[in-house]
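Colleague: I am new to this structure and would like to learn how to read its features one at a time. Could you show it to me and then take my questions in turn?

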2 protein chains.
Amino acid sequence: MTQRSPLAPAAFPALPAIAGVTARAARARYKNWDRCDLTYVELAEGTTVAGVTTQSRCPSPEVEWCRDAIPLGSARALVVNAGNANAFTGHRGRAAVEAIAAKVANHLDCKPSDIFISSTGVIGVPLPVDKAEAGLEAAFTAVPCSWEDAATTIGTTDTYAKGAHAAAMIGGTRVELVGIIKGSGMIAPDMATMLGYIFTDAAIDARLLQQMLSAANRQSFSCITVDSDTSTSDTVLAFATGQAGNAPLATMDDAGADAFAAALGDLCRQLAHLVVRDGEGASKFIEIVVEGAETDASAHRIALSIANSPLVKTAIAGEDANWGRVVMAVGKAGEPADRDKLSIRFGATQVASGGLALEGYDEAPVAAHLKGQDIEIGVDLGLGNGRATVWTCDLTHGYISINADYRS
Amino acid sequence: MTQRSPLAPAAFPALPAIAGVTARAARARYKNWDRCDLTYVELAEGTTVAGVTTQSRCPSPEVEWCRDAIPLGSARALVVNAGNANAFTGHRGRAAVEAIAAKVANHLDCKPSDIFISSTGVIGVPLPVDKAEAGLEAAFTAVPCSWEDAATTIGTTDTYAKGAHAAAMIGGTRVELVGIIKGSGMIAPDMATMLGYIFTDAAIDARLLQQMLSAANRQSFSCITVDSDTSTSDTVLAFATGQAGNAPLATMDDAGADAFAAALGDLCRQLAHLVVRDGEGASKFIEIVVEGAETDASAHRIALSIANSPLVKTAIAGEDANWGRVVMAVGKAGEPADRDKLSIRFGATQVASGGLALEGYDEAPVAAHLKGQDIEIGVDLGLGNGRATVWTCDLTHGYISINADYRS
């Protein structure tokens, strides 16, 4: 790992074990490196699964595999390969995925569709089946590893291992949720896909888990952007082992379902923020809050237009309260907006309101806010009740260095 | 002007005078600088006009003024202010535009709607009417200036003056077209709006001119992107004085209409390329050709997705034949695409085809191509006959320096 992001948390958090989940790491040597690069997570019988994947029209065969397996609702293992994305590799890439699933299914005596697989790394090189199989053999007999080891092993260009924790009460039973995630740019340099995995000991029906994960995703992973680019491999999976002994959740009306959904949402938001905080070259974490839009969906598109604007992102990097660039980004979003009703703030300070720059606003708190690491841009469109929040990072020389001063 | 773009032409071209067009430049001193910053162009009676403006939902009052005046079809003068965009300035900004139009209309004894106005520069500061009026007084009596002087005077962060020329035969009469344009980023740093003006001595009905300009715009200004950001003030206007003496063009069926439309298209493409070649921090001019899409519109959206991808743009800056990033950008466009039918080339060399990296392709010509200043990326989707071409530049440390290492 290269120099730790200045926005990284102080340390990897203390995460509890999840009953029914055992992680192991091994060296498949997908690249010429001496580090663990294959993560193998065994899941107890009866584990349910849900997932969300990239919107890319050109996904990796791993994503296609997961898209097919998720609706079946059951899982027994997860395999994550780091160093080779296996994307754009045709039938050979697909064959590698099938070989991994078959080998693990044979080991666990389960269906291949119970095996979930992700790969991240270089594009266009078929995943070498021999290395994967040797790596799996080593993993099957390895001692279990810590969450931090697993989070490190799934990483590629990440500058720090990312994990988070949440808990909820279902009836009188406490359930734990642990998540690990990797990702820094979108696929840059060729290998910074976002892959996230959530493990819980709660007993929950797969369809309900999917409903909750999809909702949480809309408020977390779908609300972050580093550079507007979308990986061919982005995947988030949630596994529920049911070992906590709670009364199984089957519908949102069940006691504790709200609490579990809230904990899942909290965990997803924590994980999403950890990815943005490792954005390539990032020096500022930016929260963009859009209010007063015609609809929530409209607010979301306007917020992403601001978050993806190179001019806004470079202004924040330069600690410049350049609200004109925010106006520009609102205008280009193509959503309903009325210039003369628009208000903009940096932190808590209004800088423009009702279509006019606020003359003589106090620049001192704005300058102080922009010198910090956590920046908030607020936009009120003054049209309706639609609102959305998204998170991004600034655009710096570091991003260019990582992505241009590099050869594939 | 700062250091000339490495992609700039060797010199400003020799451009002919256009009968019925007289340009003058003056010092309005919109900023604390000693340069001409007000361009005043007088147009002969009978001049017709057409125009296209930004798609921004938050346009400047100048854009709103032009949008209202263009359909009326007649023009007597153009005023361009550099140094203050007058955008996001509420009723005071609108009043400044009305004051300029009234003053020039009074001078020329014409309707205010015959006066076309653009402003470019800092956002949020109402254009000072007193400076505009004093500048106009000076311009009314100034000696006429050259095309190069006019092109320089409308510029802000441009690193070179931009002009181009085309000609066409209408019946037996030769008509001339001259264009000047300014723009380098979109509005960065606060003042790099694209403003383009085309002048011709052809006699042509305003509605036909609008039809031709809209068509030319779709193949030129709508096909360029520097950083995906959209100015609040982008405007292209075409003025036809009718002094060449050709049989007036009124429909596309008239003799010479095709030739004129072709010349206008050629001129617009030249002008659009000049803007990309002054893209902030640009070191490479990139042509992206998408073929085999389901429709032309789909091809256009895919081409823009590639052109706006920071990862593709940084790869080209790094002279890296990183076709995986091109696949990513195709996939994220949200348009019909089949990974296994996709082919990609850099210059004339195929690097990936039918969903697979081409093993052992000759890297030497690809490396040589990427070392040049003019880069071509070709994508064949293998689905249909839709095609589109767009132009952009690479993303370099220079872009960050210009936009982040700057205070508004």
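Predicted model: local features only at pLDDT ≥ 70, side-chain atom pairs only at ≥ 80, totals over all residues.

Colleague: How should I read a sheet, and in which order do the strands of the 7-stranded open sheet in chain B stand?

Modeller: Strands of a sheet pair through backbone hydrogen bonds, either parallel or antiparallel. Here strands (E, at least two residues) and helices (H or I, at least four) are DSSP runs numbered from the N terminus, and two strands pair if DSSP finds at least two bridges between them. In chain B, 7 strands form an open sheet with mixed pairing, in the order β9-β16-β11-β15-β12-β13-β14. Strands β9 (224–225) and β14 (356–357) of chain B stand at the edges with a single partner strand each, so one side of each has no neighbour in the sheet. Within this sheet, β12 (residues 343–346) and β15 (residues 374–380) of chain B run antiparallel and are joined by 4 bridges, and B:R345 has B:G378 in β15(B) as its bridge partner.

Colleague: Which strands make up the 4-stranded open sheet of chain B?

Modeller: That open sheet has the order β1-β2-β4-β5 in chain B, again with mixed pairing. Its edge strands are β1 (21–26) and β5 of chain B, each of which pairs on one side only. Neighbouring strands of this sheet are turned by 10° against each other on average, direction ignored; such angles run from 0 to 180 degrees between N-to-C directions, with axes being lines fitted to C-alpha atoms, for helices over the stretch in contact. Strand β4 (residues 77–84) of chain B pairs with β5(B) in the parallel sense over 8 bridges, and B:A82 has B:T120 in β5(B) as its bridge partner.

Colleague: Which strands do helices α2 and α6 of chain B lie across?

Modeller: Contact here means heavy atoms within 4.5 Å. Helix α2 (residues 90–108) of chain B lies across β2 (38–43), β4 and β5 of chain B, running at about 140° to β5(B), while helix α6 (residues 257–276) of chain B lies across β9, β11 (285–293) and β16 (386–393) of chain B, at about 45° to β16(B).

Colleague: How do I judge burial, and is A:T193 buried or exposed?

Modeller: Buried means under 20% relative accessible area, exposed over 50%, and partly exposed in between, with a 1.4 Å probe and protein chains only. A:T193 has a relative accessibility of 3% and therefore counts as buried. This residue is found in the loop between β7 (173–182) and β8 (195–200) of chain A, and an unreviewed UniProt entry lists A:T193 under "active site"; positions from that record are given in the numbering used here, feature names are shortened, and annotations may be inferred rather than shown by experiment.

Colleague: How many residues of β10(A) are buried, and which strands pair with β10(A)?

Modeller: In β10(A), 6 of the 6 residues are buried, so this strand is largely enclosed by the rest of the structure. A:T235, A:L237 and A:F239 point one way, and A:V236, A:A238 and A:A240 the other way. Strand β3 (residues 48–53) of chain A pairs with β10(A) in the antiparallel sense over 6 bridges, with A:A50 opposite A:A238, whereas β8(A) and β10(A) run parallel and are joined by 6 bridges, A:L195 having A:T235 as its bridge partner.

Colleague: How are aromatic pairs described, and how many are found over all chains?

Modeller: A pair of aromatic rings is described by the distance of the centres and the angle of the planes. Rings of Phe, Tyr and Trp (its six-membered ring) pair if their centres lie within 6.5 Å, and planes under 30 degrees apart count as stacked, over 60 as edge-to-face and the rest as tilted. A search of the whole structure finds 10 such pairs over all chains. The rings of A:F199 and A:F239 have centres 5.6 Å apart and planes at 20°, so this pair is stacked; the two residues lie in β8 and β10 (residues 235–240) of chain A, 40 residues apart, and both are buried.

Technical notes. Residues numbered from 1 in each chain as written. Chains lettered and ligands numbered in written order. Heavy atoms only, no water.
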